[in-house]
Amino acid sequence: MEHIVIIGNGISGVTAARHIRKLSDKQITIVSAETDYFFSRTALMYVYMGHMKFEHTQPYEDWFWEKNRIHLKKGYVKNIETKSKTLQFADGGSLQYDKLIIATGSKPNKFGWPGQDLDGVMGMYHKQDLDNLERYAPNNKVCKRAVIVGGGLIGIELAEMLNSRNIPVTFLVRENSFWNGVLPEGESTMINRHIKNHHIDLRLGNNLKEIISDENGKVKSIIIQETGEEITCDVVGLTAGVSPNIDFIKDSDIEIGRGVKVNRFLETSIQDVYAIGDCAEQHEGINGRRPIEAVWYTGRMMGETVAQTICGNRIQYNPGHWFNSAKFLDIEYQTYGWVFAKPRENEAHFHWKHADDTKCITVCYNKNTNEFLGINTFGIRMRHGIFDTWLTEKRDVDYVIAHLAEANFDPEFYKTYEVDIHSAFKNELQTV
Amino acid sequence: MSNKINHSMSLAKPDAVDISNKQKVALAIGILGLFILVLALFNTNFPNKGLFLTLSLGFISVGILIYSRDAYLTKLEGIKNDGIWFKSISSRGVWGWILGVILTAFYIVLYFYPQYLGLGKDGASNTGLISLFDPLSNLLSGRNASQWFVYGTLYTIAILAFGYKFMLKYRHNRYEQLRTVSVMFFQLGFAFLIPEFMYVMNSDLPYYDLKSVWPLNYYIFDEWSVKGFLSNGNIGLGLILFGIISIFVITPILTYKYGKRWYCSWVCGCGGLAETAGDSFRQLSSKKMSAWKLERWLIHTVLVFSVVMTVAMVYTYLGYDHNAFWLTKGLFIGLVIGFLTLVFAGVMYFKRKEFGRDAKYGAIGYFVVIALLVIMHFTGTTDNVFFIKGSALRSAYGVYIGSIFSGVIGTGFYPILGNRSWCRFGCPMAAILGFQQRLFSKFRITTNGGQCISCGNCSNSCEMGIDVRAYAQKGENIVRSSCVGCGICSAVCPRGVLKLENDTMEGRINPTEILLGNDVDLMDLVNKK
Ligand SMILES: Cc1cc2nc3c(=O)[nH]c(=O)nc-3n(C[C@H](O)[C@H](O)[C@H](O)COP(=O)(O)OP(=O)(O)OC[C@H]3O[C@@H](n4cnc5c(N)ncnc54)[C@H](O)[C@@H]3O)c2cc1C
Ligand code: SF4
Ligand code: SF4
């Protein structure tokens, strides 16, 4: 029986395994160094905040794996020998495969800051980071202040986590407004204000210069590059993005760039070796997407796709319209289609913000053809299905604004804003 | 494993750290109010009972009010679940167990030893705790308090005060607020005040909480109850007719349109207490597959029991003779069997596919009931059914289901099993409504395409132990008979994936393998089979 080995028990590896099991009777082994069972990385924050226990982050009960004959092996893969189709483990063992799926995810970026490996300095990616945080920041007596470096999605989650235990947070953001490489200005500045309303010390346009150690090799303070200010702290969170977790592949024959290079079929340069999820890098981005997509659902979709290919139905990875979501403290964010921070050529943005400063939308459309290109929504839930259809049908922006109510996904009895949005849109057209 | 687990067993940390001075004062006020009740329980004879009762209930309510205002109004609107799994009381820690034991003991005394609460037997005047409530009872209905009056008062206060707390906690969520106002209204009006006033108007009428529907008020068709109604002319007849219409007309229509939530989360008193006072314990319900299996056996067994018990009760006081009353034993059994058969055949014919694997269990249940009824008919005598006294069957149901299951375990075990274990494992009304919801209702929880990140907040918050995530991460709508439509899964979802809706029956159940967002051909290919 063909033996499929998957390195990584994250969403991409596990989805691949489940679908291969559905489609076939092959022998399946999932290898991971992190945890015994698959858990949801996106929920790590809720464990620290006490909303859930770690076991609640596991989407499948422990019996699931044996019942579905998915063999789980704990161990760190040190090396892949593609000629003999063998994995070498750090503890000395080895494992033979017929087909290999690399799904090793990401690791936090570290940019060579002095002191970046001190005790009390951590990323927020793996289960071990959570354990570390629990150790160095159990409460505001042990951790009197924490500094977070890097204003992205994980940075703001870490800020929320620490905030939940009343630990004062200084949040260093390189850009001059939160996440404004992605968010248009109106949205980004609204989130700035929201962060400050949570009593988080947001420092825009500030970079980390170095992390200073105390006599025991633990962090004592940090220095800000721009001002030279020293901030005393007990924990430093490094959340300046992630990159593919593929160091152990460097010595193999598999072609890598920033990630493991794959074609549209998720095949690497070596036969019978595939790569999916955060660690895979397309030769070229698909439909305006980036070559490396470090989001949950793309990992899942790649898993679904590669399972088909491995089970004899070779198909391309072909993601549909871009969408995503996140939450900034109390404000939910969803996006469908493309809305860039600044309108590109021939594009225009329509922005509406509610007076309470926690809800807004930005609609992007083509100035010349009026085609609707995408929407960002904050504090209002929208239907994925409807926007997906509208994007496929290439609806124009007037249609979308006029039919926005159909896309509303807020709970029943919520106030609705479509009328407001509609009239704001008409007013804007008149003044332009 | 999270190293937090041991914390929950500690008495002081980290809960006490988080509580503000204002909350400590509030806690003290509330405890003072409770202390008055405890003193009364130990037979302290207060000089002015009315005053002390007012003080006690006032202190308790004010304590809860101040505490929750400080807990929620000092923060921005949003999800307020920080630390629920660290706090001893809400994570089966020491405080949780202590509270569980106190509540359980209270229920045992309430149901089985009311004399310890000070109930005066055989006309003797009340003492202790119950006598403290005499002034209020006299004010409302002109009679002395009973243990049920004491219980009803405390129950109502709990729903009102904790309902207020719940509304502050979800002050950004209109759905949660409206349904909480609704349960507060129904508890105060329908369960508490109206029955008292009805007694004032006509003291012979049996207690009737108009919003309580058979089989939840399993006693409504008891002989004393029916006789009580019938001997009271038109009002009584009207009430019992209303009871029957509630079961066969009102309930099915509302459940068809809105799902069982119209009752379980908007009207019901048991649900009301669970959603308000019990809210802090919702995360404790088990999400395991094994718990779900147990649930389905248990709740349907109770349903069978309650149907057979009620039929048996009515059966024993019906005559054989046509001339005495048009409804005879034989005709009655025939009608019941006919009705059940109609329902069963209808479901099998129209809904066979949606019923799926459950069809087998449905069939087993149906045949068990029919068999029991037939046996009953042929072994029954004037007051014996199944060779035991009909009244014994009735009191067994009353004790084991009505008291022990719904009260002692259902509420006493809030801090251990979660706040809706009665609703989930025991309530026969929930079983009937759930059956309708599963097969004939427009209600469902819609999932939002491919947005789910499998975080598990929804499952964690589901008081009915539904593994909501298992559906959401597949993009599958949640159509489950046990869902009470509390809406909390939708509220806590950080990605806006869940929406409670009433829409057409078409496409309500949508099993998918591949979610929206993927290659369209692949979605078709995989979802087709
Ligand atoms: C805090 C946080 C919040 C997030 N929130 C969101 C969100 O809201 N929405 C969203 O879309 N995305 C979110 N993401 C991103 C998302 O979690 C990732 O895109 C996704 O988990 C990637 O899945 P994966 O299967 O590719 O890899 P991973 O989940 O990283 O799994 C890879 C596994 O492989 C193991 N591994 C690596 N190398 C080896 C080796 N050599 N030997 C053995 N095992 C190895 C790793 O230890 C790991 O367990 C978040 C990420 C983080 C960290
Ligand atoms: S539905 Fe929402 S709460 Fe539930 S797992 Fe998915 S993202 Fe999390
Ligand atoms: S599924 Fe959601 S709405 Fe239904 S009972 Fe559970 S938490 Fe409440």
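Reader: By class, what does the shell around ligand 2 have?
Author: The shell around ligand 2 has nine nonpolar, three polar and one charged residues. Here Ala, Val, Leu, Ile, Met, Phe, Trp, Tyr, Cys and Pro count as nonpolar, Asp, Glu, Lys and Arg as charged, and the others, Gly among them, as polar. A ground rule: this is a predicted model, where local features need pLDDT of at least 70 and side-chain atom pairs count only at pLDDT 80 or more, while totals for chains, interfaces and linings use all residues. Residues are numbered from 1 along each chain as its sequence is written, chains are lettered from A and ligands numbered from 1 in the order in which they are written, and side-chain values use heavy atoms, with hydrogens and water left out.

Reader: Which residues come nearest to ligand 2?
Author: B:Cys452, B:Cys455, B:Gly456, B:Cys458 and B:Cys493, out of 13 residues around that ligand. Being near means having a heavy atom within 4 Å of the molecule.

Reader: And which helices each supply at least two residues of that shell?
Author: Helix H21 (457-461) and helix H22 (468-472) of chain B. Helices are DSSP runs (H or I, at least four residues) and strands likewise (E, at least two), numbered from the N terminus.

Reader: How do the residues around ligand 3 divide?
Author: Nine nonpolar, two polar and no charged. Among them are B:Cys462, B:Cys483, B:Cys486 and B:Cys489, along with B:Ile445 and B:Met464.

Reader: Switching to the chains: how many residues of A and B are in contact?
Author: 70 residues of chain A touch 66 residues of chain B, contact being heavy atoms within 4.5 Å. About 5,300 Å² is buried between chain A and chain B, and carbon and sulfur atoms give 48% of that area. Buried area is the accessible area (1.4 Å probe) that two parts lose on being put together, summed over both.

Reader: What's the salt bridge count between chain A and chain B?
Author: Three, taking a salt bridge as a side-chain nitrogen of Lys or Arg within 4 Å of a carboxyl oxygen of Asp or Glu. B:Glu501 pairs with A:Arg383, with the closest N and O atoms 2.6 Å apart.

Reader: And how many over all chains?
Author: The whole structure has 40 salt bridges. One involves A:Glu2 and A:Lys26, whose closest N and O atoms are 2.8 Å apart. That pair links distant parts of the chain, 24 residues apart: A:Glu2 is in the segment before strand S1 (3-7) of chain A, and A:Lys26 in the loop between H1 and strand S2 (27-32).
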